[in-house]
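Here are my notes on this model, point by point. Please keep the sequence and the structure open as you read.

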Amino acid sequence: MMATGDIAPRGNLAARFQEFRDSIKRDHLLWVLLALGPVFALFCIIRVYPILETIRLSFYRYHPTQRSRPFIGLDNYWRLLEDEAFHTALINTLQFCVMATVITLVLAFAVAVLLRSIEKVAPVYELLLYIPVVTPWVPASVIWKWIFDPVHGILNYGLDSIGLPKLAWLQDEHVIIYAIVLVSVWKMLGYFVVVFGVGLRNIPDELMEAAELDGATPWQRLIYIVIPMMKPIILFTVIIATIIFFNVFAPVYVLTASAQGAPAYDFKVVIGEIYQNAFVFYRMGYAGAQSVVLLLFVLTLVFVQFTLFRDKAGLR
Amino acid sequence: MFKERPIVIIAYIVCTIMAVLAVTPFFWVLMTALKPNPEINAWPPHILPEAPTLDHFYRILAEENFLRYVFNSLVIALSSMAAILFTSSLAGFIFAKYRFPGRSVLFAIILATAIIPLEVYIIPLYLMVFGVKMMDSYFSLVFPFVIMTFGVFFMRQVIMAIPDELLEAARIDGANEFWIYVRVVLALSKSGLMALGVFAFSEAWANFIWPLVVVTTKDMYTTELGLATYQRQFFIEYGPISAGAVISIMPMLIVFALLRRHIMKGIATSGLRG
């Protein structure tokens, strides 16, 4: 924003010092330091340090109340390879994550495209679809728990009245994952409808009209114009949705707690395992290794995003 | 986009169904919260309560101490919001409008932490709070939520749109940098601040795993934690549980209803998630 002054001639220390003093004043370096310093320090304390410390912890046996915290190398990681609960959690989380991401994004894309045909009333629909997004996970899951109730739930009442068998939504180990997917899709759909909507509005009308004049069917226009133009946004939403759903915890915590007398099936997820190991059993080193697995997963996704977007500026 | 008549009709049908599905669970939880106990388990279910009552709200707020939880959540969410608005706008201002050595490195360090979820580094955060013996306090509950990477990025975008000439004019009039920050920058980024404020408020209000980890006494429960714990213990009492859910959602809905235009604009410009 401001012109940088000429660099002082070499060797002339006094002039360089003067130049340095000038730049402090001209570029308000003292103010920059005072304003940014504390905020940046907070970032280091609350973000950077804990992230690095998690990695360090994963090489130790660490119990917060025990004095001895020996360095054990990769032992925590070897243990991960044999921990069946963690494997189950990892598989469950991946399955859930893929299902929730695909269903949410496909539905959201369809709704967002359809909303462009009824642009005048679209904001009303977007607003209604956004209400679940602003609802926190805990009450959202609590609401659904009552809907899923095997005996008195409205969902089973619905199934029953159209002649379908009732389901033990939260008690059956094969069904509970669909229940959690259902809640998650319901909760996050509106966000992605709005994000897709932003991208779709940016597709020039002339392009669509020209294709229409050339006789392209709506389906062809969707496949050959809309989807290719939406590619960057689709990729962005895939990354965001995957990270959100891979971190699933609150709905699992709420929905798997005993429901209406019968204990719900204990559906294991990655965050649940980290929580248990770190804060129920206080195996912080081991939980640290599990967190590193989560970190690597997230970083891989980010890496994929960066590679695919390399030439596209304006990352979100 | 697609103006063909059948597509328009399909659009109305599909979008209406989705919107109804999105809203129905809220309707249902409100009805459940208003039904007296015998009606809750009625079969077939009553759509509307025949004898609506506020008993469940009274029970959950007064007898189960939810009023205290709501108060705690409000304290936490409001302090977090204030802190994030301050830190994000200040850092965003500096990154947007000043040149200094190391600027891009510092910004890159901040951005690099953006995508990493709290759950990844929650253990060291907990150990820090544990180490300074601040467990179970407002300080520890707000502590991870006084900064927001996305907030810095977002405010930088917002502030970059403010013309440099305005800042220069203020300087010529003798304003110092802090005065410019308060009277020019903050005043001109109100819409962005509101969108970010709502986002920050709801992040802190809705967070569940952090209070679950650092809170040890019932008096420090947040609404989310209270609701989750209550429904684990009294899983048959759907009346009070539903009332609790309604109470927990209310503040978000009110804020959203009041500021929806700013929020939608925030999403449109930056992918802000509410």
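1. A definition comes before the helix packing. Axes are lines fitted to C-alpha atoms, for helices over the stretch in contact, and angles run from 0 to 180 degrees between N-to-C directions. Note also that the model is predicted.

2. Take α2(A), residues 29-57, against α4(B). Their axes lie 9 Å apart and the packing angle is about 125 degrees. That angle makes α2(A) oblique to α4(B). The crossing of the two helices is left-handed.

3. Which residues meet there? From α2(A) come V32(A), A35(A), L36(A), V39(A) and L42(A); from α4(B) come T87(B), L90(B), A91(B) and I94(B). By class, this contact has eight nonpolar residues, one polar and no charged.

4. Now the whole contact between the chains. Chain A puts in 84 residues and chain B 82. Elements giving two or more residues on the chain B side include α1 (5-34), α4 (66-97) and α14 (238-270). The most come from α1(B), with 16 residues. By class, the chain B side has 60 nonpolar, 11 polar and 11 charged residues.

5. The largest nonpolar core has 172 residues. Those touching the most other members are A108(A), I180(A), F192(A), V193(A) and A200(B). Helix α8 of chain A, residues 176-201, supplies the largest share of this core, 15 residues. Leaving out residues up to four places away in sequence, I180(A) touches F96(A), V248(A), P251(A), V252(A), L255(A) and F267(A).

6. Last, α6(B). Its buried residues are I122(B), I123(B), P124(B), L125(B), Y126(B) and V129(B). Just after this helix, K133(B) has a positive phi of about 55 degrees.

Definitions and conventions: Residues are numbered from 1 along each chain as its sequence is written. Chains are lettered from A and ligands numbered from 1 in the order in which they are written. This is a predicted model: local features need pLDDT of at least 70, side-chain atom pairs count only at pLDDT 80 or more; totals for chains, interfaces and linings use all residues. Two residues are in contact if their C-beta atoms, placed from the backbone, lie within 7 Å. Helices (H or I, at least four residues) and strands (E, at least two) are DSSP runs, numbered from the N terminus. Ala, Val, Leu, Ile, Met, Phe, Trp, Tyr, Cys and Pro count as nonpolar, Asp, Glu, Lys and Arg as charged, and the others, Gly among them, as polar. A residue is buried if 20 or more other C-beta atoms lie within 10 Å of its own, exposed if 12 or fewer, and partly exposed in between; C-beta atoms are placed from the backbone. A nonpolar core is a set of buried Ala, Val, Leu, Ile, Met, Phe, Trp, Tyr and Cys residues joined through C-beta atoms within 7 Å. Angles under 35 degrees count as roughly parallel, over 145 as roughly antiparallel, 65 to 115 as roughly perpendicular and the rest as oblique. A crossing is left-handed if the near helix is turned anticlockwise from the far one by less than a right angle, and right-handed if clockwise.
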